[in-house]
Structure formats: C-alpha cells, structure tokens
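Trainee: I have a structure open and would like to go through it with you. Can we start with how the helices pack?

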Amino acid sequence: MVLGSAAKQAEQLRKDGNLYFKKDRFGAAIDAYTEAITLCPNVPVYWTNRALCHRKRNDWLKVEEDCRRAIQLDHSSVKVTSFHFLFPYADS
C-alpha cells in the first residue's frame, strides 16, 4: 500500500508524538497528534493517542471529546472503547 504525502506526513507526526509522550512532553505530543489529525482526521489512533496525552494532564473533557471521535471512526476498536470507559472524565 502506497501512502499519500499527507498520510506519510501524518504518520511521521504520530511517531514524533509518541517520542514526545515517552519523554513526558505532553504538550508537544498533543501538538504533533493535532497536526496529524488535521492532515488525516479519519485515523482513530491519532485521536486516541491525543486523548491519552489529555488524560496525563487530567483534562477529562478533552479525553472524552477525543475518545468519542475515535469511537465514531471505529466503533469496534477495543482500544478506543476500553480507553474511554477506563478513564471517564467524571473524576475531574
């Protein structure tokens, strides 16, 4: 499968976001995932990755928003649905 330019760039941004996340640079990771979402908004993993960053910042409303979008894109994803229910924003 050959990825288009936007998809390749989005995937690189996801990888960058993952590296930022591992270094606890959640703001930079959010920025990278947001750019990936801008380029390819229909890829659920970009939304769930960003949701995890928001969870690390205890921003429960944004966790819920990103999880809801990911579920809309892939309602059968175990990762998406379990993440949303494991980290409800009600604790905020």
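Trainee: At what angle do helix 1 and helix 2 pack, and how far apart are their axes?

Mentor: This is a predicted model. In it, helix 1 covers residues 5-22 and helix 2 covers residues 26-39. They pack at an angle of about 165 degrees, and their axes are 8 Å apart.

Trainee: What does that make them, roughly parallel or roughly antiparallel?

Mentor: Angles over 145 degrees count as roughly antiparallel, so helix 1 and helix 2 are roughly antiparallel to each other.

Trainee: And the crossing, left-handed or right-handed?

Mentor: Helix 1 passes helix 2 in a left-handed crossing.

Trainee: Which residues meet there?

Mentor: From helix 1, the list includes Ala-6, Leu-13, Arg-14 and Phe-21. Among their counterparts in helix 2 are Phe-26, Ala-32, Glu-35 and Leu-39.

Trainee: How many of the contact residues are nonpolar, polar and charged?

Mentor: The contact of helix 1 with helix 2 has 12 nonpolar residues, 3 polar ones and 2 charged ones.

Trainee: Changing topic. How many helices and strands does the protein have?

Mentor: It has 5 helices and 0 strands. Read from the N terminus, the order is α-α-α-α-α.

Trainee: What share of the residues is buried?

Mentor: Of the 92 residues, 36% count as buried.

Trainee: Last one. What share of the contacts joins residues at least 24 apart?

Mentor: Counting contacts between residues at least 6 apart in sequence, 51% join residues at least 24 apart.

Key. Residues are numbered from 1 along each chain as its sequence is written. This is a predicted model: local features need pLDDT of at least 70, side-chain atom pairs count only at pLDDT 80 or more; totals for chains, interfaces and linings use all residues. Side-chain values use heavy atoms; hydrogens and water are left out. Axes are lines fitted to C-alpha atoms, for helices over the stretch in contact, and angles run from 0 to 180 degrees between N-to-C directions. Helices (H or I, at least four residues) and strands (E, at least two) are DSSP runs, numbered from the N terminus. Angles under 35 degrees count as roughly parallel, over 145 as roughly antiparallel, 65 to 115 as roughly perpendicular and the rest as oblique. A crossing is left-handed if the near helix is turned anticlockwise from the far one by less than a right angle, and right-handed if clockwise. Contact means heavy atoms within 4.5 Å. Ala, Val, Leu, Ile, Met, Phe, Trp, Tyr, Cys and Pro count as nonpolar, Asp, Glu, Lys and Arg as charged, and the others, Gly among them, as polar. Buried means under 20% relative accessible area, exposed over 50%, partly exposed in between (1.4 Å probe, protein chains only).
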